[in-house]
Amino acid sequence: MPSPSPRRSSRASYQRLPRDERRDQILGVARRMFTELPYADVSTAAIAREAGVQRGLIHYYFGTKRELFLEVVRALTVDYAGQAPPADSALPLEETVDRCVHLFLDAAESNADTWLAALDAEGFGQDPELRRIVNKTRDVTVERMLAVLHVPEPTDTLRAVLRTYSGLAEMATRQWLQEKTLSRAQVHTLLAGSLLVLVRDIAPAVEQT
């Protein structure tokens with residue numbers, strides 16, 4: 001009599017991986033799930049199942065669901081901060097701004113749920129660590145913008161003006177991705193035009209006030 005066939009598991013097959021690779025694998029699955037689903041609908045058990053690991057391994061590497069989510073947001077916001085073309089003094093300012101906005105909207109669209117959750121700490125209230133991560137990302141983004149826009153000696157006033165722009169960008173993407181009151185093309189026009197006016201007209205006027 002032939003021996004019974006081994007049962008096939010729906011869980012991903014376990015493979016022994018180096019510590020960093022296993023951690024990155026879990027983080028990749030968590031990022032995908034937090035992007036596809038609201039925070040409240042994601043569990044560490046589901047992440048473990050998708051990653052093909054024991055649930056305890058998630059707690060070993062990351063701690064709680066909240067801490068895993070924070071790590072996902074940290075990686076995501078680093079990606080956002082890098083969404084800018086390399087500084088190129090040969091490009092006209094209008095084209096540089098247009099490319100910056102295009103890359104930013106690409107990143108926001110591909111990670112919509114996690115992006116919105118990062119902005120309002122959806123699922124677990126106003127979390128101080130989450131706010132710290134997002135605020136740090138805004139500061140890094142401002143510095144990237146200054147480099148791309150070829151500002152040789154930026155002042156604190158200019159940095160403050162550009163930081164207010166991040167609030168506009170966040171609200172505009174919410175109107176597009178969540179409220180559905182604006183299209184992507186409309187948001188692009190709004191953000192590119194606003195950034196040009198801020199750099200060319202408003203920031204110099206604020207400096208002189």
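What share of contacts in the chain between residues at least 6 apart in sequence join residues at least 24 apart? The share is 68%. The model behind this value is predicted.

## Overall make-up

The chain has nine helices and zero strands. Read from the N terminus, its elements run α-α-α-α-α-α-α-α-α. The chain holds 209 residues, and 41% of them count as buried.

The largest nonpolar core has 27 residues. Those touching the most other members are Val97, Val101, Leu105, Leu162, Tyr165, Leu177 and Leu191. Five elements are listed as giving two or more residues to this core: α5 (93-110), α6 (112-120), α7 (128-148), α8 (156-177) and α9 (184-208). Helix α8 gives the most, with eight residues.

Leaving aside neighbours within four places in sequence, Tyr165 is in contact with Val101, Met145, Leu191, Ala192, Ser194, Leu195 and Leu198.

## Packing of α7 against α8

Helices α7 and α8 pack at an angle of about 115°, and their axes are 9 Å apart. The crossing is right-handed. From α7, the contact uses Asn135, Arg138, Asp139, Val142, Glu143, Met145 and Leu146. From α8, it uses Leu158, Arg159, Leu162, Arg163, Tyr165, Ser166 and Glu170. By type, the residues of this contact divide into six nonpolar, two polar and six charged.

Arg138 deserves a separate look. This residue is found in helix α7. Is Arg138 buried or exposed? Arg138 counts as buried because its relative accessibility is 14%, and the cut-off for buried is under 20%. The side chain of Arg138 makes a polar contact with the side chain of Glu170, at 2.7 Å.

Gln175 has its place in helix α8. With 23% relative accessibility, Gln175 counts as partly exposed. Not counting residues up to four places away in sequence, Gln175 touches Lys180, Thr181 and Leu182. Gln175 and Val187 are 12 residues apart in sequence, and their C-alpha atoms are 8.5 Å apart in space.

Lys180 lies in the loop between α8 and α9. Lys180 is exposed, with a relative accessible area of 62%. What is the phi of Lys180? Phi is positive there, about 60°, although Lys180 is not a glycine. Most residues other than glycine have a negative phi.

## Thr44 in α2

Thr44 lies in helix α2, which covers residues 44-51. Thr44 is buried, because its relative accessible area is 4%, against a cut-off of under 20%.

Which residues does Thr44 touch, not counting those up to four places away in sequence? They are Arg55, Ile58, His59 and Lys65. With Arg55 there is also a polar contact, side chain to side chain, at 3.0 Å. Thr44 and Arg66 are 22 residues apart along the chain, and 9.8 Å separates their C-alpha atoms.

Key: Residues are numbered from 1 along each chain as its sequence is written. This is a predicted model: local features need pLDDT of at least 70, side-chain atom pairs count only at pLDDT 80 or more; totals for chains, interfaces and linings use all residues. Side-chain values use heavy atoms; hydrogens and water are left out. A nonpolar core is a set of buried Ala, Val, Leu, Ile, Met, Phe, Trp, Tyr and Cys residues joined through side-chain atoms within 4.5 Å. Buried means under 20% relative accessible area, exposed over 50%, partly exposed in between (1.4 Å probe, protein chains only). Helices (H or I, at least four residues) and strands (E, at least two) are DSSP runs, numbered from the N terminus. Contact means heavy atoms within 4.5 Å. Axes are lines fitted to C-alpha atoms, for helices over the stretch in contact, and angles run from 0 to 180 degrees between N-to-C directions. A crossing is left-handed if the near helix is turned anticlockwise from the far one by less than a right angle, and right-handed if clockwise. Ala, Val, Leu, Ile, Met, Phe, Trp, Tyr, Cys and Pro count as nonpolar, Asp, Glu, Lys and Arg as charged, and the others, Gly among them, as polar. A polar contact is a pair of N or O atoms within 3.5 Å; within protein, one must be able to donate a hydrogen and the other to accept it, and residues adjacent in sequence count only if both atoms are side-chain atoms.
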